[in-house]
Amino acid sequence: SCEAGVKYAVPHGLDSDVSAALINLYIEEGMPDDGRITVAATALLHLCGWHKSGKYMGLLRDCLERLHQANYTVSGGWRDHPKQRWTHAKFHFIESLNFTTLDGVGLFDERSMIVLRLAEDVTASIRSGYLKPLDSEFMTSLSRPRTRVLYRVLDAARFDPENPDRQVDTLTFPVLAWGDQCKIPSEGQAWRVIRALTSPHQELIKRGYLADVILSGRGKDQTVRYEFARDFTKVDPALMRKFREYGVADGMVRKLVREHGESFLTETITRFAALVSSGVLVVRKTKAA
């Protein structure tokens, strides 16, 4: 559950883009013990998949304020899998928030730097492997906020918290319950949920994440079945970025992960970079080759 003060509403809508970006950023920076992150406002906009405009600068400030001000209560919902324990916690997603601006009002600009500290409960769950990184490159390439929300919820639902190494290829939900999970107002009418998710479904099928979406039943008893594309391979965003620096296409990276696994590729790209920087290996063709 989440409660907000008088000035700000509870986190909603685009705020989930910001929270997902901060989780991925924390992981990419090596998961510091103190939970502290330093990032330029423009860089955070990019990680959220937003345009670098004055409008989104203002939205970013509001999102950060909501994540800082809102009080979260989680009961039996977070899993520390290595210790086989469930966590019950109360926290602010962002425990401390500082930033620089040109004016005294607090409006973000292109030179604004943000320094924040994530809640200890959040960072502990990330380090224990329960809060997993999303494929941020894929997520930010999706065109609609609602598609990004659906992708995040589906990607989490595929994993069993008590068996996080296993993911399923199909999921089935009652439409009305699924609408609540995706925060879609339905007024008890399934057709409202179906209509709201039609475009996100089409986009995720077109992008190769879903193989099919099947609706069954009538009225309030309708169910939705998701069939995931088996050849869609998720790649750790930090690893994807390393390969992209050498000009390797994203599709090729996914193919390599399917064939060799992420740990092998991580070791290989690290060794390759070290050999090139030390001069032991001289690249005579393209770096990608």
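**Strands, sheet and helices**

Author: In β11, threonine 223 is the bridge partner of proline 174. This is a predicted model. Start with that pair of strands, then move to the sheet you asked for.

β9 covers residues 170-174. β9 pairs with β11, residues 223-228, over five bridges in the antiparallel sense. In a regular strand the side chains alternate between the two faces of the sheet. The side chains of β9 do alternate. Leu171 and Phe173 point to one face and are buried.

Now the open sheet. Three strands make it up, in the order β2-β6-β5, with antiparallel pairing. Which strands stand at the edges? They are β2 (36-40) and β5 (94-99). Each has a single partner strand, so one side of each is left without a neighbour in the sheet. On average, neighbouring strands of this sheet are turned by 20° against each other, direction ignored.

Look at the pairing of β2 with β6. Strand β6 spans residues 113-118. The two strands pair over five bridges, in the antiparallel sense. Alanine 40 has methionine 113 in β6 as its bridge partner.

Helix α2, residues 41-48, packs on this sheet. α2 touches both β2 and β6. The direction of α2 makes about 95° with that of β2.

α2 also has a helix for a partner. Two packed helices are described by the angle between their axes and the distance between the axes. For α1 and α2, the angle is about 105° and the axes are 9 Å apart. Angles of 65 to 115 degrees count as roughly perpendicular, so α1 is roughly perpendicular to α2.

Which residues meet there? From α1 come Asp17, Val18, Ala21, Leu22 and Leu25. From α2 come Leu44, Leu47 and Cys48. By class, this contact has seven nonpolar residues, no polar ones and one charged one.

Stay with α1 for one more residue. Helix α1 runs over residues 15-28 and includes serine 19. Is serine 19 buried or exposed? Its relative accessible area is 17%. Buried means under 20%, so serine 19 is buried. Leaving aside residues up to four places away in sequence, serine 19 touches Leu67 and Phe93.

To put the part together: α2 packs on the sheet, touching β2 and β6, and α1 packs against α2 at about 105°.

Note on methods
Residues are numbered from 1 along each chain as its sequence is written. This is a predicted model: local features need pLDDT of at least 70, side-chain atom pairs count only at pLDDT 80 or more; totals for chains, interfaces and linings use all residues. Side-chain values use heavy atoms; hydrogens and water are left out. Buried means under 20% relative accessible area, exposed over 50%, partly exposed in between (1.4 Å probe, protein chains only). Helices (H or I, at least four residues) and strands (E, at least two) are DSSP runs, numbered from the N terminus. Two strands pair if DSSP finds at least two bridges between them. Contact means heavy atoms within 4.5 Å. Axes are lines fitted to C-alpha atoms, for helices over the stretch in contact, and angles run from 0 to 180 degrees between N-to-C directions. Angles under 35 degrees count as roughly parallel, over 145 as roughly antiparallel, 65 to 115 as roughly perpendicular and the rest as oblique. Ala, Val, Leu, Ile, Met, Phe, Trp, Tyr, Cys and Pro count as nonpolar, Asp, Glu, Lys and Arg as charged, and the others, Gly among them, as polar.
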